[in-house]
Amino acid sequence: MSEKVYWIEATDNEQDELLCDRLKMLIRAENLLECIAAQDITAVKTHFGESQKLGYARPLYLKMLGECIKDRGGVPFLTETSTLYKGNRSDAIRHIAHAHSQGFDYASTGMPIIMADGLCGDEEYVVPIQGKAYSAVHIAALFAKCNALVMVSHFTGHLAAGFGASLKNLGMGCASRKGKMEQHSTAKPKIVAKKCTGCGTCVKWCPQDAITLCEELAVMNTDICIGCGECLAMCRFDAVKFDWGATYEDLQKKVVEHAMGICSLFRDKTLFVNVLTRISKDCDCMGHTFEKIAPDIGILVSRDPVALDAASLDLVEKQAGKTLAQLAYDIPYRFQLDYAEELHFGNREYELIKV
Ligand code: SF4
Ligand code: SF4
C-alpha cells in the first residue's frame, strides 16, 4: 500500500509566507497533527543553517508548526544536535547563539531551543534495532524523553549521500556525537598530489585543522579527519578524492539504521515536512556556497519519511529535467530509499496528493 505525500506546489521564488499559510491550511484540513495529544512533549527538529547559506527552512515555518502543536494541547520546543566538527554549531552554547542570529529566537518561533544531545553533544540514548550494520544505535538523549516528533528538513544535494532530506536529518541530525562518528568513520579523503596547486583553500575550510601545506602541497592527518567532505567541496582543482565506492553504501546504510532507531521511539507520533525551495548542490552545513540546482518545488508532507524522500527526489529530478547525479554528485543516491524499504522501515511507494 502506498503512503500519502501531500505537495504544496510553489512557483519559482514564491514567498515563504504564502507557502507557510498553505501548509497551515493543509495541516488543519487533513488533521495531520492528530497524533499529538494534550501535554505531549513535542520535539520540532530542524537545521538552523549556516550564516552564509540561504537554503534552510525559515523560522516562520517553525512558528506556525509550534502554534499548530499548541492548538492540539502539545508542548513543543525546537531542537538540534551539535556538529562533529569544530565551529559555531559544535556545542550547545554556540549553536543556540547561532540559531538566534539566524532568526530562530523565542520571539520569532514561540518555542525555546533545547539541544537534544546536551552541552557538548555527548548525552545519548542507546536504541536497540534490528539492522544489518548495527544491533543498537546512539541517538541524542533528549529524544527518548519526548512524546512526539515533527521534522522539518530542507532538501539538498549531498556529497556523500547524494541527497539529504528527512532520512538524513533523522539519521545524522538526531544522532549523538558517537552516533555521528560511527556513521562517518569509513570515509576519509586523499590528496592527488599532481593536481594540488598548494592554494591552501582546503586548509582554511577544514573544520578539524586536519590539513597543512607542506612544500606547497596539501597534507592530511587522517587521524583527526572526521570525513566531513568540506575539503572535497572547496577544492577547485579536483585534487581531493574520497573513496566513495567503498563507503557510499556504508554511510547510507548507517544513516538509515539511525533513522530507524529514532523513529522506533515515536511509533506513529511523527510528522515529516520537506522544504523544496532554494535547493542547493551542497547541504546546509556547507556555508561557503549557494548554488541553486533546481526550480522551487514547494513543501511536501507525509507521515512516512521514506515515501516523503522518494517523492521529493522524484519531483526534483522531474522539475529540473535532469537526474540528481547530473545536478549534484554522481552517487547512487537511491540506495538509501531501497535500503530503508528492505529493513521494512517505511514505504517508498507513495500517492502524491497535490494541494
Ligand atoms: S584546495 Fe585543492 S589545490 Fe588547494 S591546497 Fe587544497 S587540495 Fe591543493
Ligand atoms: S574531510 Fe577534509 S575538511 Fe573534513 S575533516 Fe577531513 S580533511 Fe578536514
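**Entry 1: leucine 62**

Is leucine 62 buried or exposed? I counted 25 C-beta neighbours inside 10 Å, so leucine 62 is buried. My cut-offs: a residue is buried if 20 or more other C-beta atoms lie within 10 Å of its own, exposed if 12 or fewer, and partly exposed in between, with C-beta atoms placed from the backbone.

A note before I go on: this is a predicted model, where local features need pLDDT of at least 70, side-chain atom pairs count only at pLDDT 80 or more, and totals for chains, interfaces and linings use all residues. Residues are numbered from 1 along each chain as its sequence is written, while chains are lettered from A and ligands numbered from 1 in the order in which they are written.

I found leucine 62 in helix α2, which covers residues 59–71. Helices (H or I, at least four residues) and strands (E, at least two) are DSSP runs, numbered from the N terminus. I then listed the contacts of leucine 62, leaving aside neighbours within four places in sequence: Val44, Thr46, Leu78, Phe104, Thr109, Met111 and Val152. Two residues are in contact if their C-beta atoms, placed from the backbone, lie within 7 Å. I also checked asparagine 31, which is 31 residues from leucine 62 along the chain; their C-alpha atoms are separated by 17 Å.

**Entry 2: the whole chain**

I went through the secondary structure and got twelve helices and 15 strands. The C-alpha atoms fill a box of roughly 65 × 45 × 40 Å along the principal axes. Why does a radius of gyration of 19 Å agree with a compact globule? Because a compact globule of 355 residues would have a value near 20 Å. This radius is taken over C-alpha atoms, and the globule rule is 2.2 Å times the number of residues to the power 0.38.

Of the 355 residues, 52% count as buried. Among contacts with a separation of 6 or more, 77% join residues 24 or more positions apart.

**Entry 3: domains and core**

I looked up the domains, whose bounds come from an automatic or database domain assignment. Domain 1 takes in 3–183 + 245–354, and domain 2 is 188–242. Their centres, taken over C-alpha atoms, are 29 Å apart.

Next I opened the largest nonpolar core, which has 104 residues; Ile139, Phe143, Val152, Leu300 and Val316 have the most contacts inside it. This core draws at least three residues from each of domain 1 and domain 2. A nonpolar core is a set of buried Ala, Val, Leu, Ile, Met, Phe, Trp, Tyr and Cys residues joined through C-beta atoms within 7 Å.

**Entry 4: the ligands**

Which residues are closest to ligand 1? I read off Cys196, Cys199, Cys202, Cys235 and Ala239, from 14 that surround it. A residue is near a molecule or strand if its C-beta atom, placed from the backbone, lies within 6 Å of it. Ligand 2 has 14 residues around it, and Cys206, Cys225, Cys228, Glu230 and Cys231 come nearest.

**Entry 5: two positive phi angles**

I noted aspartate 209, not a glycine, with a positive phi near 55°. Aspartate 209 sits in the loop between α7 (201–205) and β10 (211–213), and it counts as exposed because it has 11 C-beta neighbours inside 10 Å. Arginine 267 also has a positive phi, about 50°. Its place is the loop between α9 (244–264) and β13 (270–276). With 9 other C-beta atoms within 10 Å, arginine 267 is exposed.
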